[in-house]
Amino acid sequence: MKDTVNRLHHQFQQGTLGTDEVKRLARWALTHAEARHYQPESLFKYTRIRYLASRPSSGTETVLDLWCEVLEVSKWYYRSVESAPAQWLASLEHALVETHPACVSYDSYDYFLAHGWTVHDMVLSSIELSTANIGNYDGSFEDIEHWVRLREKNLPFFLGVTCCGTLVGQWALTLLTGSEYQALLCGTLEEDEIAGARYTGPGEYIGYISTTTLHRDFRRHRFLRGLLEHIAGLMRSQLTQGVRFLHIGANAYTEAGVQLCRLFGLEYVTEHCSQGQVYVGDERQILDSPLLRRNTTLPTGSGRDSLAL
């Protein structure tokens, strides 16, 4: 694998890397995974790798896109077949981010689902990211299934930040029922008890920002600004399509999360009974907030006070 990736890296540098090379690598990785696992379809991102192994060339792929896919397939192989990290792959990805910031992309669920991801894969990636960012959070199987159910009800209200196929940031909004919003105002709404409302098209909703987070390695101005600009663009697009938010709330678990709520234009309401501080506002407060204006000082955090709501 290492020799193959190094050869493809040389092709990337020469500008000659092609779609067929990625497809061959993905097929090779799949063959080894399928030989190792009794039910390979249960593997994380199995359908995504199958997509890369069989998708026709659209003619719009750049060599940067293809090199990102090479790294994605290679990391999947070491996770699913070798079950061991490969530091040399991490070094290649780190070098790529430093020289090619465009390797970081911002996409909606529509994009992910159209390119071989599943909701389960996205939720598992989200929980792994939250576990890395929030010191005392440890997602369980029940957490995954719970958030899969909620995300399936709210597919339009998600943005994922990816680098070479790894989720490194996300923003997700969950629709609440009226009674759940009242519980939020009282500081008693527990996320693992949210049943949520379902998005049914244009209309009036109550939103709960369940997460806004970036991996610490990507918590730089350009990536944070990119995430926030895409959030603003998504909300403005929904506004023009007739989606209205009567209320929007969040529970900030960290100091950086509190900063984000304030910059979003949300107002403090109460302490949460378990952990965090509850902030609420409405759609217009977010769209007119300081956070979405240029030259705003962005929140920072380290250690436990990571960028997370």
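A cavity here is a set of points, on a 1 Å grid over the protein atoms alone, where a 1.4 Å probe fits but cannot get out. A volume is the space filled by probe spheres set on those points, which are joined across faces, edges and corners. This is a predicted model, where local features need pLDDT of at least 70, side-chain atom pairs count only at pLDDT 80 or more, and totals for chains, interfaces and linings use all residues. Residues are numbered from 1 along each chain as its sequence is written, and side-chain values use heavy atoms, leaving out hydrogens and water.

**View 1. The largest cavity.** Its volume comes to about 30 Å³, and a search of the whole structure turns up one cavity of 30 Å³ or more. Lining residues (an atom within 4 Å of a point) include Trp 147, Phe 157 and Ser 210. Five are nonpolar, three polar and one charged (Ala, Val, Leu, Ile, Met, Phe, Trp, Tyr, Cys and Pro count as nonpolar, Asp, Glu, Lys and Arg as charged, the others, Gly among them, as polar).

**View 2. The largest pocket.** A pocket is an open set with protein on both sides within 12 Å along at least five of seven lines. This one holds about 810 Å³ of space. Of its 30 lining residues, Lys 75, Arg 79, Glu 93, Thr 166 and Val 168 sit closest to the centre.

**View 3. Where the pocket lies.** Domain 1 (1-99) and domain 2 (104-297) both contribute to the lining, so the largest pocket lies between them; the bounds come from an automatic or database domain assignment.
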